[in-house]
Amino acid sequence: MTHPWFEGARTPRVLAHRGLVTPEDAAHGVVENSFAAVAAAHSAGAEYVESDCHLTSDGVVVLFHDDDLSRVTGDPRPVASVSAAELAELMSDRGGLITLEQALDAFSTMRFNFDVKAPGAASAVGTTVAPHGARVLLTSFSDERRLAALEAAASAGRGIRPATSAGTRTIARLLTALAVRSDRLVRRALEGVDALQVPERHGRLRIVTRRLIDAAHRHGVEVHVWTVNDPSDMRRIVALGADGIVTDRADIARRTVQ
């Protein structure tokens with residue numbers, strides 16, 4: 001059965017990577033994963049936002065990518081060492097802090113793709129998204145972290161389970177299965193997975209190929225490619241058969257491929 005996260009939306013899917021920050025917004029100090037960035041993606045007509053989850057020192061799940069604040073705010077402290085109030089102050093002139101709960105409540109029609117970045121955040125993320133599972137996809141580079149978040153959502157028992165995309169270990173198993181041409185191993189690698197969200201390449205290794213896409217589709221799994229910002233690359237990847245792209249420029253992507 002198709003998870004509701006995939007139903008009724010335009011395809012190919014455009015996932016706004018950490019929201020949307022145009023050059024004009026950036027010039028006014030707006031940063032990724034801010035309230036303003038998510039609002040801009042919503043205003044541009046994006047149906048999906050891909051974001052990242054960390055846990056503050058007082059247990060609040062916030063949308064933030066890095067382990068520390070240095071790149072985004074100039075403060076060298078880890079996210080886990082500051083309170084939500086402290087982070088809100090730091091983000092006040094950068095588009096505003098947005099928590100996981102605020103994102104789900106303020107943008108009630110939007111579908112979210114949340115990457116669990118911190119091991120300690122998995123349980124809180126799963127519990128928070130549980131009532132919104134029909135419009136949430138959970139992922140992580142760590143399959144253990146991803147599965148922990150899904151388990152927390154299931155334990156909360158408040159609706160449809162979130163969709164999920166494969167972690168690094170699962171993708172490695174899939175690539176091995178493709179290399180040895182074993183559809184049985186491909187099926188086992190993709191069990192319980194709704195999507196593959198992968199870069200086109202990892203170093204010299206090409207990950208996104210027609211063969212991978214066809215194998216995923218045979219088993220009812222979508223392929224989303226990140227992070228694609230050039231319009232010609234967007235068209236090429238969609239022509240290859242990808243079901244979606246993760247992009248910093250959701251406004252351009254919508255005009256290009258939808």
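Trainee: What makes the contact between the side chains of Asp52 and Lys117 a salt bridge?

Mentor: The side chains of Asp52 and Lys117 approach to 4.0 Å, N to O. The criterion is a side-chain nitrogen of Lys or Arg within 4 Å of a carboxyl oxygen of Asp or Glu, so the pair qualifies. Bear in mind that the model is a predicted one.

Trainee: Which parts does the pair of Asp52 and Lys117 tie together?

Mentor: Asp52 belongs to strand β2, while Lys117 sits in the loop between β4 (111–116) and α6 (122–129), so the pair links parts 65 residues apart in sequence.

Trainee: How do you know whether Asp52 is buried or exposed?

Mentor: The relative accessibility of Asp52 is 1%. Buried means under 20%, so Asp52 is buried.

Trainee: And Lys117, is that residue buried or exposed?

Mentor: Lys117 has a relative accessible area of 15%. That value is also under 20%, so Lys117 is called buried.

Trainee: What makes the pair of Arg18 and Asp52 a salt bridge?

Mentor: The distance between the side chains of Arg18 and Asp52 is 3.8 Å, N to O. The cut-off is 4 Å, so this pair is a salt bridge. Arg18 is in the loop between β1 (13–17) and α1 (23–27) and Asp52 in strand β2 (residues 48–55), so parts 34 residues apart in sequence are tied together.

Trainee: Why is Arg18 called buried?

Mentor: Arg18 shows a relative accessible area of 14%. The limit for buried is under 20%, therefore Arg18 falls in that class.

Trainee: What is said of phi in Arg18?

Mentor: Phi of Arg18 is near 60°, which is positive in a residue other than glycine.

Trainee: Which other residue has a positive phi although it is not a glycine?

Mentor: Arg181 is one, with phi of about 55°. Arg181 lies in the loop between α8 (168–179) and α9.

Trainee: How do you know whether Arg181 is buried or exposed?

Mentor: The relative accessibility of Arg181 is 68%. Exposed means over 50%, so Arg181 is exposed.

Trainee: What makes the pair of Arg71 and Glu32 a salt bridge?

Mentor: The side chains of Arg71 and Glu32 come to 2.5 Å, N to O. That is within 4 Å, so the pair counts. Arg71 lies in helix α3 (residues 70–73) and Glu32 in the loop between α1 and α2 (35–43), so the parts tied together are 39 residues apart in sequence.

Trainee: Why is Arg71 called partly exposed?

Mentor: Arg71 has 49% relative accessibility. Buried needs under 20% and exposed over 50%, so Arg71 falls in between.

Trainee: Which residues are linked in a network of salt bridges?

Mentor: The network links Arg18, Glu32, Asp52, Asp66, Arg71, Asp115 and Lys117. The structure as a whole holds 19 salt bridges.

Trainee: What forms the positive surface patch?

Mentor: Arg173, Arg184, Arg187 and Arg188 form the positive patch. Helix α9 (residues 183–190) gives the most to the patch, with three residues.

Trainee: Why is Asp143 called buried?

Mentor: Asp143 lies in helix α7 and has 1% relative accessibility. The class needs under 20%, so Asp143 is buried.

Trainee: Which peptide bonds are cis?

Mentor: The bond from Thr11 to Pro12 is cis, with omega near -5°, and Pro12 lies in the segment before β1. Thr227 is in the loop between β10 (222–226) and α11 (231–240).

Definitions and conventions. Residues are numbered from 1 along each chain as its sequence is written. This is a predicted model: local features need pLDDT of at least 70, side-chain atom pairs count only at pLDDT 80 or more; totals for chains, interfaces and linings use all residues. Side-chain values use heavy atoms; hydrogens and water are left out. Patches are made of residues with over 30% relative accessible area and no salt bridge: like charges are joined within 9 Å, nonpolar side chains (Val, Leu, Ile, Met, Phe, Trp, Tyr) within 5 Å. Accessible areas come from the Shrake-Rupley method with a 1.4 Å probe; for residues, only the protein chains shown count as cover. Lys and Arg count as positive and Asp and Glu as negative; His and the chain ends are not counted. The place of a charge is taken as NZ of Lys, CZ of Arg, CG of Asp or CD of Glu. Helices (H or I, at least four residues) and strands (E, at least two) are DSSP runs, numbered from the N terminus. Buried means under 20% relative accessible area, exposed over 50%, partly exposed in between (1.4 Å probe, protein chains only).
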